[in-house]
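Me: Please take a close look at one part of this structure, the ligand site and the space around it. I would like the answer as one connected account with the cut-offs stated.

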Amino acid sequence: MRLLVATRNPGKLREVRARVQGLDAVSLDDVQAMLEVEETEDTLEGNARLKALAAARATGLWTVADDSGLFVDALGGVPGVRSARYAPGSDADRIRELLRAMEWIPEGARWAAFRCVLALASPEGEVRLAHGECRGTILRAPRGTDGFGYDPVFLVPELGRTMAELSLEEKGRLSHRARALDALEPLLRELAGPAR
Ligand code: IMP
């Protein structure tokens, strides 16, 4: 069975492929779908659903789409669903803006969560959702060079390292996306059918 992973990010496609045998996982580039869906909803669930449904309808394939973001407790969940658009410019500019907004927040109250929602949509418009979360604290200055987005200021307390100081394998085990994939895996196995 063919499964479309509605992304142009080869890393995300690889993550799904690694999970389930018996599914021929392809990306938007593989099916040459000219699909740009604007993230107009105000929840991760809404945007993941929107992207999965649009791609499934356009291609006639079962489709997985994701949406994710950083939710800071003391800011009432900001930047949240708007994480990618929180400030103009680069990831470094958005980190600067976040640290400025959090200057007044003392140690011990700087908790945050990375959250990811995956939506699995059928070509007929049926949707199932899977959630993943990773909790940590926000540092006052960036540390580490790997990863992307807010990784350099997100400390994983049990490891004493930021997400940007983890290897790809380590982040791939504990990240919000990995945990959402854990939750989605049984649904993907169902789709792939009995193991041969
Ligand atoms: P999207 O789900 O790919 O649209 O990502 C939304 C935004 O959330 C990204 O642009 C990042 O700013 C942030 N984000 C999501 N996942 C991560 C992560 O694993 N590390 C750092 N930032 C992330």
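Reply: The lining of the largest pocket divides into 16 charged, twelve polar and twelve nonpolar residues; here Ala, Val, Leu, Ile, Met, Phe, Trp, Tyr, Cys and Pro count as nonpolar, Asp, Glu, Lys and Arg as charged, and the others, Gly among them, as polar. This is a predicted model, in which local features need pLDDT of at least 70 and side-chain atom pairs count only at pLDDT 80 or more, while totals for chains, interfaces and linings use all residues. Residues are numbered from 1 along each chain as its sequence is written, and side-chain values use heavy atoms, with hydrogens and water left out.

The lining of the largest pocket comprises 40 residues, and those nearest its centre are Asn9, Lys12, Phe148, Lys171 and Arg177. Two or more lining residues come from each of helix H1 (10-19), E3, helix H3 (91-101), helix H4 (168-174) and H5. H1 makes the greatest contribution to this lining, with six residues. Helices (H or I, at least four residues) and strands (E, at least two) are DSSP runs, numbered from the N terminus. A pocket is an open set of points, on a 1 Å grid over the protein atoms alone, with protein on both sides within 12 Å along at least five of seven lines, whereas a cavity is a set where a 1.4 Å probe fits but cannot get out; lining residues have an atom within 4 Å of a point. The largest pocket holds about 1,100 Å³ of space, a volume being the space filled by probe spheres set on points joined across faces, edges and corners.

An N or O atom in the side chain of Lys171 is 2.9 Å from a ligand oxygen atom, and a polar side-chain atom of Arg177 lies 3.3 Å from an oxygen atom of the ligand. From Tyr150, a backbone N or O atom lies 3.2 Å from a ligand nitrogen atom. Of the 480 Å² of accessible area that the ligand has on its own, the protein covers 87% (Shrake-Rupley method, 1.4 Å probe).

Arg177 also lines the largest cavity, together with residues including Lys12, Glu15, Val64, Asp66, Leu118 and Leu181. H1, E3 and H5 each give two or more residues to that lining, which divides into seven nonpolar, four charged and one polar. The largest cavity has about 100 Å³ of space, and one cavity of 30 Å³ or more is counted.

The second largest pocket has about 180 Å³ of space. Among its lining residues are Ala6, Thr7, Leu28, Glu36 and Lys51; by class, the lining has five nonpolar, three charged and one polar.

How values were computed:
A polar contact is a pair of N or O atoms within 3.5 Å; within protein, one must be able to donate a hydrogen and the other to accept it, and residues adjacent in sequence count only if both atoms are side-chain atoms.
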